[in-house]
Amino acid sequence: MSNLSVLYDAPGPKAKARNILYTVLFLVVFVAVLWWALAAMADKGQLDANKWSPFVTDSRVWTTFLLPALGNTLKAAALSIVIALPLGAILGIGRLSDHRWVRIPCGAVVEFFRAIPVLLLMLFASALYVQFTDISSELRPLYAVVTGLVLYNASVIAEVVRSGILSLPRGQTDAAQAIGMRKGQAMTHVLLPQSVTAMLPALVSQLVVVVKDTALGGVMLNFEELLRSVRTISANYGANTIAAFTVVALIFIVLNFLLTSAATWLERRIRRGKRTTGAVVTIDPTDAMEADQLGRPAIKTKQPSTPDEQGRLDG
Amino acid sequence: MRLRKSTAAVASVFALALTATACGSDDGGSDGGDGGSEGLTIGIKYDQPGLGLQNADNEFTGFDVDIATYVAGELGVEPEDITWKQAQSPERENMLKNGDVDFIVATYSITDERKQEVSFAGPYFVAQQDLLIRAGESVENTDAINDLNLCSVAGSTSAQKIQDNFAEDVNLQEFGGYSECLTGLENGAVDALTTDNTILAGYAAQAEHQGKFELAGLDLGLENYGIGLPKDDTELQEKINAALEKMFEDGAWAEAVEKNLGPAGFETPDAPEITEGS
Amino acid sequence: MFDFLDLQRYDLFGAFWVTAQLAVFSAIGSLVWGTILAGMRVSPVPLMRVFGTAYVNIVRNTPLTVIILFTSLGLFQTLGIAMGGESFKETNFRLAVLGLTAYTAAFVCEALRSGINTVPVGQAEAARALGLSFTQVLRLVVLPQAFRSVIAPLANVLIALTKNTTVAAAIGVAEAALLMKRMIENEAQVFLIGGIFALGFILLTLPTGLLLGWVSKRVAVKR
């Protein structure tokens, strides 16, 4: 986005003055809204020190409530992604199979689970465990949340894997075949190892989606994760729901921001690297909200810039 | 579902028969439940001030906790040998059926529907449904509820009861927990929070809330709190009933009420009569 | 077999109607707000660019559940913004639309921005040579082309939005997921109930995808 100035002329004295005016107006409106919100909160006693100070002065809030809850959030997210990865890889490779009886069921499974809200999957899994298993009530929310997330994310990962493999130059398959490899061998020895690096950034960004979705399990299934800890904290510190909520939201934002940055860093590194094809599978910005589906791969493969791309706005 | 209910009904008939024959056996408890030789695992609420609350030191406080500790003591279990487990409302029956806990003391109302799946000892407290309002306001009578913006917890029986019995068209907000309702009550978006007066008193009694909220003092129906047991564990039921009886008599019960709910201006009622299991 | 499906007790069609309304209103809202955000991100005023970037980065990294709960607990319960709702039911619905809009707009903005990047530089240069101002360049030349190239990603955003409406259950909006939670807790036919709701969502998302896929092919800018 270095070159967006193509959309407007270099500002002359008049335009500069206008820009300053806009800046000031924008700032005034922004500050006014902020001021009003803070004033209203102060008026209702929501900014009282005793509602906020526990988070700074009382380390036990962190050690007893927030950190264990954050641990649960991370545990659910990690479990989900670790289980979803192999499942997704199988589904994704299955979708590329030459055999129709493999390709079509895999495709159907992927499309089905991508069309259903992850909350429904969690609710369904929870009911299933209540009725048909005797998993203890402490573990059930975790199981239900992880099951829901695995089903959904395996199908997203399947698409990542599929486009990761499709992103490799056709020559790789040809060369593998030329030296006498079977289809399976070509996949495991040539295609997968190369596409994994291309897929890595997409997988890390998918982790952000997973972390965000665990919060749903906290609210709807009483899974003891970060967002759910707001309730226990506010029960202890005099209904400081808003304060606890703000702190939890900040933790989520920081955590996800770190993950997003890691994904960007990985992507850049891989694209710079000489040893790979330089292709990177990215989940479309739109897809970070669980978007893509139905035929159009929203997951795009970016090849190193081609002459065609130069002369575009970001070229 | 229908099938499951009928089997449960048959089971409860058996239960009644068994209970009737088990009557009269009384040996001072030595070990209770099947949660190991020494300790006990007890289900309580973790986020209910005044009843069962996990505090910042990872200790548990509240009326239910005091009851459970006393009963455990009578069963020969020291407080440090008690393992607390969180018993969230929708999970309580499952926890008992799965044997996750030995018994549950968690604002657990004795109802016929629940008795088809679990057994109870007690009751150890008779709560009544009430409203929590901002200090200085008042709700004259049950007719006035219709004009209130009411808050309760999703899936709770309290809200359902109000709609069925007192105020059909009440403007009802449902949240996942009571503390969310309290935020609305504090800031004026809701006028009243309804549930059992014990729970309400627990919130009103918190140090941060002194003088902010009060109970409306309406009687919107009774709730008999019992100690939930695995179905048909009549031996444990006998022992717990005896322990409760003793607690009522030696003043420990009144003390526990006074200590946990008193600060909200909650008058200590007479101890209830034990009705389960005999 | 289907006797659990007591439509008197469980208002299945009503719940899906609420889901559909949530999706439609939030879609309109997020398209408008997302376009404004995209405009800010490419505008000549540095402060607006900063605001747009910060907004998108913060909102994208916040769980939707947090945002929706915030509209209820923060905006309504604390600041008293009832969105003109007469009852909690109305207010909660409008708050959910607001939350979904705020969240989805960040993704609309990003889709649009990548669409703006596909418009050849010559287009903007030619527009400027004609003496058009920044807003005119965007409104008359760049955005119309950008929109046509991002219909497919936007369709994905809308489908995700439809699925995300289920999060409104967290503040008690009587939409499909909340009904499913109630049914699945009270009735034993877990698979049938799950199947019905899954089907409902497939029916809601499939036409959107197909329709917009067709539209995107029709209006694609041939280059």
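This is a predicted model: local features need pLDDT of at least 70, side-chain atom pairs count only at pLDDT 80 or more; totals for chains, interfaces and linings use all residues.
1. Start with strand β7 of chain B, residues 119–134. Of its 16 residues, 13 are buried, so the rest of the structure largely encloses this strand. The cut-off for buried is 20 or more other C-beta atoms within 10 Å of the residue's own.

2. β7(B) pairs with strand β12 of chain B, residues 222–229. The two run antiparallel and are joined by 7 bridges. To find this pairing in the model, look at B:Phe120, which faces B:Gly228 of β12(B).

3. Strand β10 of chain B, residues 192–196, also pairs with β7(B). Here 5 bridges link the strands, again in the antiparallel sense. B:Leu132 has B:Leu193 as its bridge partner in β10(B).

4. β7(B) has 3 bridges to strand β11 of chain B, residues 213–215. This pairing is antiparallel.

5. Now strand β9 of chain B, residues 171–175. Buried residues make up 4 of its 5, so β9(B) is largely enclosed by the rest of the structure.

6. β9(B) pairs with strand β8 of chain B, residues 149–153. This pairing is parallel, with 5 bridges. Across it, B:Asn149 stands opposite B:Asn171 of β9(B).

7. What do β8(B), helix α5 and β9(B) make? They form a β-α-β unit, and it is right-handed. The helix, α5 of chain B, covers residues 157–165.

Conventions:
Residues are numbered from 1 along each chain as its sequence is written. Chains are lettered from A and ligands numbered from 1 in the order in which they are written. A residue is buried if 20 or more other C-beta atoms lie within 10 Å of its own, exposed if 12 or fewer, and partly exposed in between; C-beta atoms are placed from the backbone. Two strands pair if DSSP finds at least two bridges between them. A crossover is right-handed if, with the strands pointing away from the viewer, the path from the first strand over the helix to the second runs clockwise.
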